[in-house]
Amino acid sequence: MDINALKKFVPFSEIEDKYLEDALKHISLKTFNKGDMLFKRNRSVAERYYLISGRVDLIDARFESTPVEANTAKVTNALNLESPTVCSCIAKSGVEAFTIELEMLDRIVSWRESAAYANESDDTEMVTGEIEVSNIADHDATDWMSSLLQSPLFTKIPLTQVQDLFLRFKDVPAEAKEVVIKEGEKGDFFYVLASGRARVTNRSESVDVVLEPGSYFGEEALLGNTPRNATITMTESGHLKKLDAQDFEALLKEPVLQYVEQDELGTLGKPHKMLDVKMPMEYRMNHVPGSINVPLARLRSSINELAKSCAYVVPDDAGSRADIAAHLLCQAGFDAYILRAQSENR
């Protein structure tokens, strides 16, 4: 299996080579004999199955069979798009397939989409946000707590948790030239720049942004469980407030992210739009009817085009990207929800 072979399948066809190299490390090649079952209906399967050669039948709950043959348009996507699975998959000939763990695929795609933010806009203020940094105050702000609470994102945190949130922040002195976070490393903390200044850069040299007191950063790597997509270096001495991943999950992620079922959409209190943040080819292959496609990598640059009179519902079949998108929408002051997994045909 090489990169060119991998590019025949979705979503790998829309991912740059540097991310595909990482994906190849996590792919398993498997062979099946005629009559073997690749996976069974109504089961939670941790891997995505892709057909390389041979023929399979997908058998649904009514025992109706859909034949699928390798090297046709139908098999550019995974054989099992839903979890739990809606079909059983039976080999009708000798079959070769590859699998990749859904969690790993989700991380790779989320990292790629998140990193793509930095190349999506020529506007300096927008780019700052797109590399997981958000301004929460005027440059003259001195009270970082008050500034933080003025952010649309933090207005969604229950007041009963606000005091606990600030108590859990740890004060960290930072010296000039100190690297706070480094591109490519695992995300471990959420940060607020309480005093001093810092600079944001990335390896492609497409970003060079100065941060003032009253900026927070680091949440996207925690939301998507993906590596950092930029490096932040102090340009003068100051102080940071940091929150570890566990506290971030409990105090910032869980209270902010709201989930909704399909039959609850009529109770949102305002009109809603379905916003699918998968890549275009993924969207064409599988999406909720009536949804609009705004890939995560373009969400920041498109956010000013969204109407705040609407609530936005993000289907959770985008995995971690749905969490990141809903968080970004809340951060921008929108009412955002995540639509729990649906098993219906889309």
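Let us start with Ile27, a residue of strand S1, in what is a predicted model. Is Ile27 buried or exposed? Its relative accessible area is 15%, and a residue counts as buried under 20%, so Ile27 is buried. Leaving aside residues up to four places away in sequence, Ile27 touches Leu6, Phe98, Thr99 and Ile100. There is also a distance to note here: the C-alpha atoms of Ile27 and Arg48 are separated by 10.0 Å, and these two residues are 21 places apart along the chain.

Ring pairs join Phe98 with Phe9, Phe12 and Tyr50 in a cluster.

I turn now to the loop between helix H1, residues 3–6, and helix H2, residues 17–24, where Pro11 is located. What kind of peptide bond joins Val10 and Pro11? The bond is cis, with omega at about 5°.

How many of them does a search of the whole structure find? The search finds 16. One of them is formed by Lys30 and Glu47, whose closest N and O atoms are 3.1 Å apart. Lys30 belongs to strand S1, residues 27–32, while Glu47 belongs to strand S3, residues 47–53; the pair thus links distant parts of the chain, 17 residues apart. Lys30 is partly exposed, with a relative accessible area of 24%, and Glu47 is partly exposed as well, at 21%.

A second salt bridge connects two helices. Arg168 pairs with Asp247, and the closest N and O atoms lie 2.6 Å apart. Why does this pair tie together separate parts of the sequence? Arg168 lies in helix H6, residues 159–168, and Asp247 in helix H8, residues 245–256, so the parts that are tied together are 79 residues apart in sequence. As for accessibility, Arg168 is partly exposed at 31%, whereas Asp247 is buried, with a relative accessible area of 11%.

The side chains of Arg197 and Glu212 meet with an N to O distance of 2.7 Å. Arg197 is in the loop between strand S11 (189–195) and strand S12 (198–201), and Glu212 is in the loop between strand S13 (208–211) and strand S14 (215–217), so this pair ties together parts 15 residues apart in sequence. Arg197 counts as partly exposed, at 33% relative accessibility; Glu212 is buried, at 15%. Salt bridges can also share partners, and in this way Asp60, Arg62 and Glu64 are joined into one network.

Next, the aromatic pairs. A pair of aromatic rings is described by the distance of the centres and the angle of the planes. The count for this structure comes to twelve aromatic pairs. In one of them, Tyr191 and Phe217, the ring centres are 5.4 Å apart and the planes meet at 20°. Why is this pair called stacked? Planes under 30 degrees apart count as stacked, and the angle here is 20°, so the pair qualifies. Tyr191 lies in strand S11 and Phe217 in strand S14, so the pair ties together parts that are 26 residues apart in sequence. Both Tyr191 and Phe217 are buried.

Rings also take part in arrangements with charged side chains. The charged end of Lys242 sits over the ring of Phe189, 4.0 Å from its centre. Lys308 lies over the face of Phe334, at 5.3 Å from the ring centre.

Let us return to helix H8, which contains Asp247. Two packed helices are described by the angle between their axes and the distance between the axes. For H8 and helix H11, residues 320–331, the angle is about 75° and the axes are 10 Å apart. Angles from 65 to 115 degrees count as roughly perpendicular, so H8 is roughly perpendicular to H11. Which residues meet between these helices? From H8 they are Phe248, Leu252, Lys253 and Val256, and from H11 they are Asp323, His327 and Cys330.

Asn42 is not a glycine, yet has a positive phi of about 65°. Asn42 is found in the loop between strand S2 (37–39) and S3 and is exposed, at 54% relative accessibility. Asn71 likewise has a positive phi, near 65°. Asn71 is placed in the loop between strand S5 (65–69) and strand S6 (88–91), and Asn71 counts as exposed, at 70% relative accessibility.

Definitions and conventions: Residues are numbered from 1 along each chain as its sequence is written. This is a predicted model: local features need pLDDT of at least 70, side-chain atom pairs count only at pLDDT 80 or more; totals for chains, interfaces and linings use all residues. Side-chain values use heavy atoms; hydrogens and water are left out. A salt bridge is a side-chain nitrogen of Lys or Arg within 4 Å of a carboxyl oxygen of Asp or Glu. Helices (H or I, at least four residues) and strands (E, at least two) are DSSP runs, numbered from the N terminus. Buried means under 20% relative accessible area, exposed over 50%, partly exposed in between (1.4 Å probe, protein chains only). Rings of Phe, Tyr and Trp (its six-membered ring) pair if their centres lie within 6.5 Å; planes under 30 degrees apart count as stacked, over 60 as edge-to-face and the rest as tilted. A charge sits over a ring if NZ of Lys or CZ of Arg is within 6 Å of the ring centre and within 35 degrees of the ring normal. Axes are lines fitted to C-alpha atoms, for helices over the stretch in contact, and angles run from 0 to 180 degrees between N-to-C directions. Angles under 35 degrees count as roughly parallel, over 145 as roughly antiparallel, 65 to 115 as roughly perpendicular and the rest as oblique. Contact means heavy atoms within 4.5 Å.
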